[in-house]
Number of protein chains: 2
Amino acid sequence: MEKIKVLVVGYGNVGRGVLLSLANQPDMEVVGIASRSVERVRASVKDIPVVPVDQAEEFLKLGADVAILCGGSKNDLPQQGPELVKYINTVDSFDNHSCIPQYYAAMDAAAKAAKHVAVISTGWDPGIFSLERTLANAFLPGARSYGFYGLSEAGGLSMGHSDALRTIKGVADARQFTHAVSSAIDQVRNGENPAFEAGDMHTRECFVVLEEGANAAAIEAEIKAMPGYFAPYKTTVNFVTQEELDSKYKGFPHDGCVVAASVTGKGNQATVEYRCKWASNPEATANVLVAHARAAVRMNKAGDCGAKTILDIPARLLSPLSYEELLKKFM
Amino acid sequence: MEKIKVLVVGYGNVGRGVLLSLANQPDMEVVGIASRSVERVRASVKDIPVVPVDQAEEFLKLGADVAILCGGSKNDLPQQGPELVKYINTVDSFDNHSCIPQYYAAMDAAAKAAKHVAVISTGWDPGIFSLERTLANAFLPGARSYGFYGLSEAGGLSMGHSDALRTIKGVADARQFTHAVSSAIDQVRNGENPAFEAGDMHTRECFVVLEEGANAAAIEAEIKAMPGYFAPYKTTVNFVTQEELDSKYKGFPHDGCVVAASVTGKGNQATVEYRCKWASNPEATANVLVAHARAAVRMNKAGDCGAKTILDIPARLLSPLSYEELLKKFM
């Protein structure tokens, strides 16, 4: 069996996770890394060719079947996606939910023109959770789907909220853990289909390292008033030392669930719930990206092209197993 | 928008559930019921044409786009499936797991010859759980998926085990509730990937109404020794009156979960879990069948034919929503 050849674009947390995930796949292999910082990446990666991401002729020489784009949704993907899909099938985790229709349209046009497949916005949310929301709604008409994050005691690390804390003057470092409000989850499970405000579903816990001489009380007030990020939520601010932050609140743990409840027939309660828990959030995204890279190549080989989401992809295309094995082992 | 026209084949618990589910779908309508017992069904259903299932010319007059086969896996579907798919797209919940590859082959040949789509073996297990097992394995390479049934305190009603109890001489009526062993679920969540025997995962609770003069002790011993059904499990037998059975242990509640755990990267724990809970098990199956009937018609209209499982079907085809709505609401 010829292995699917993968180009990894970007070498941050997700890119490193993709390399680790590819090593676990029986049918896939990495053929190179494309980066804006070729020298930096070359210094830490041996045995894998590293090429500049803006030189298509360079990465095309590597003969990849698909590129996994591991950049960010804010600055990298909106430019990189439509550009790279001209040359190769792509998979990305574009996660700015409200801009997905617009990103889909841009990627669809570029992918169709090049006759490539571009799987967009896949990871665990958007991605698995999008699929579970769609399935819950299809199997339980009338059910609203609710997403909760940070179910475990430690909560889930939010990179976006951590970054927001670090923009505040006087903050040397910070990490933000999201907690689901468990009574809110119970309300959904009970079939109440409640109309929540954002602050009813989650609370936010901040661990902040102050710069020398910073005013703790003023910073706490500034955090709690930050619109969008913290103002709508019950927010706790804990001041810690850099050592505490690095030892007690390290890593990228995250978890969450999609819950939906409705009735079948004449008032028979029905609830569906999907949960996932990851010690490493970027590695979770990486694993989902890798399975979708397999699907992208298979779809393109079958003659398909254009932008795709997880909602377009039959599960068999994500699996390394043959259809016969799937029928026998998983049906 | 022209509605998808559905023929319901069989009028048992699942067939009645399909009628109730169709009433909730914005884009589908029932055009008739096909049954072996036309007179009996006509007596209880008004306003819907009822035709004999063995007279194709009769049900073809109804102009259905798809037939939802609501018969049993033991006697009905192996005959009915390959016969009916000659005339119309079909959807069924064939649930004899070990025979699925064989049933798939028979349905695939018949469906391809007739250029129809036959969605087989869909409900919650096989069906949703098959999908979740496949996804868990694709996203967490190396994870084993485990299915548990009867998570709630009351447990889940097993029709097959209830039927098995009723075959015993001296048993007037009986119902069997399956209970998951919660410590076994915890072992899976902890990432132990344990090698369970069947009896490690579930226990069985029987509620039995005796015929007059029956020997309770002998019947309890016979139940506990029944190979396959009860012998491998810790089994409790409770003798109750018919009134107790009908009032305390009524209905068709069932629930279950698929759990899988593994690691990402270098030893980062990862767990995924899907749960569903249904006050009415046959209505759950009915709701899943109805969503797949929508997909069957769409696939056939797009030129596809042959046998399909839930593993072949992109989620967007199951949903009544447009792709634009899905991108906006669920991605």
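This is a predicted model: local features need pLDDT of at least 70, side-chain atom pairs count only at pLDDT 80 or more; totals for chains, interfaces and linings use all residues.
How many cavities of 30 Å³ or more does the structure hold? There are three. Rolling a probe the size of a water molecule over the atoms is what shows where empty space is left. The largest cavity has a volume of about 90 Å³. It is lined by 14 residues, and those nearest its centre are A:Leu131, A:Ile313, A:Ala315, B:Leu131 and B:Ile313. By class, the lining of the largest cavity has 14 nonpolar residues, with no polar and no charged ones. Helix 6 (128-139) of chain A and helix 6 (128-139) of chain B each supply at least two residues of this lining.

Next, the sheet in chain A. It is an open sheet of seven strands in the order 3-2-1-4-5-6-14, and the pairing is parallel. Strand 3 (50-52) and strand 14 (306-308) of chain A each have a single partner strand, so one side of each is left without a neighbour in the sheet. From one strand to the next, the twist averages 25°. As an example of a pair, take strand 4 (residues 66-69) and strand 5 (residues 89-92) of chain A, which run parallel and are joined by four bridges. Within strand 5 of chain A, A:Thr90 is the bridge partner of A:Ala67.

Helix 5 (residues 100-114) of chain A packs on the sheet and touches strand 5, strand 6 (117-119) and strand 14 of chain A. The direction of helix 5 makes about 140° with that of strand 14 of chain A. Helix 12 (residues 281-301) of chain A lies across strands of chain A including strand 1 (4-9) and strand 2 (28-35), and runs at about 155° to strand 5 of chain A.

In chain B, helix 12 (residues 281-301) contains B:Asn287. Is B:Asn287 buried or exposed? With a relative accessible area of 5%, B:Asn287 is buried. Leaving aside neighbours within four places in sequence, B:Asn287 is in contact with A:Phe139, A:Leu140, A:Pro141, A:Thr264 and B:Ser21.

Back in chain A, A:Ala180 lies in strand 9 (residues 171-180). A:Ala180 counts as buried because its relative accessibility is 18%, and the cut-off for buried is under 20%. Not counting residues up to four places away in sequence, A:Ala180 touches several residues, among them A:Phe148, A:Tyr149 and A:His202.

Last, some backbone details. Most residues other than glycine have a negative phi, and most peptide bonds are trans. A cis peptide bond joins A:Asp125 and A:Pro126, with omega about 0°. The peptide bond from B:Asp125 to B:Pro126 is cis, with omega near 0°. A:Pro126 sits in the loop between strand 6 and helix 6 of chain A.

Which loop holds A:Ser121? A:Ser121 is found in the loop between strand 6 and helix 6 of chain A. A:Ser121 is not a glycine, but has a positive phi of about 55°, and at 0% relative accessibility it counts as buried. A:Asp47, not a glycine either, has a positive phi of about 70°. A:Asp47 is exposed, with a relative accessible area of 81%.

Definitions and conventions
Residues are numbered from 1 along each chain as its sequence is written. Chains are lettered from A and ligands numbered from 1 in the order in which they are written. Side-chain values use heavy atoms; hydrogens and water are left out. Two strands pair if DSSP finds at least two bridges between them. Axes are lines fitted to C-alpha atoms, for helices over the stretch in contact, and angles run from 0 to 180 degrees between N-to-C directions. Contact means heavy atoms within 4.5 Å. Buried means under 20% relative accessible area, exposed over 50%, partly exposed in between (1.4 Å probe, protein chains only). On a 1 Å grid over the protein atoms alone, a cavity is a set of points where a 1.4 Å probe fits but cannot get out, and a pocket is an open set with protein on both sides within 12 Å along at least five of seven lines; lining residues have an atom within 4 Å of a point. Grid points are joined across faces, edges and corners, and a volume is the space filled by probe spheres set on the points. Ala, Val, Leu, Ile, Met, Phe, Trp, Tyr, Cys and Pro count as nonpolar, Asp, Glu, Lys and Arg as charged, and the others, Gly among them, as polar.
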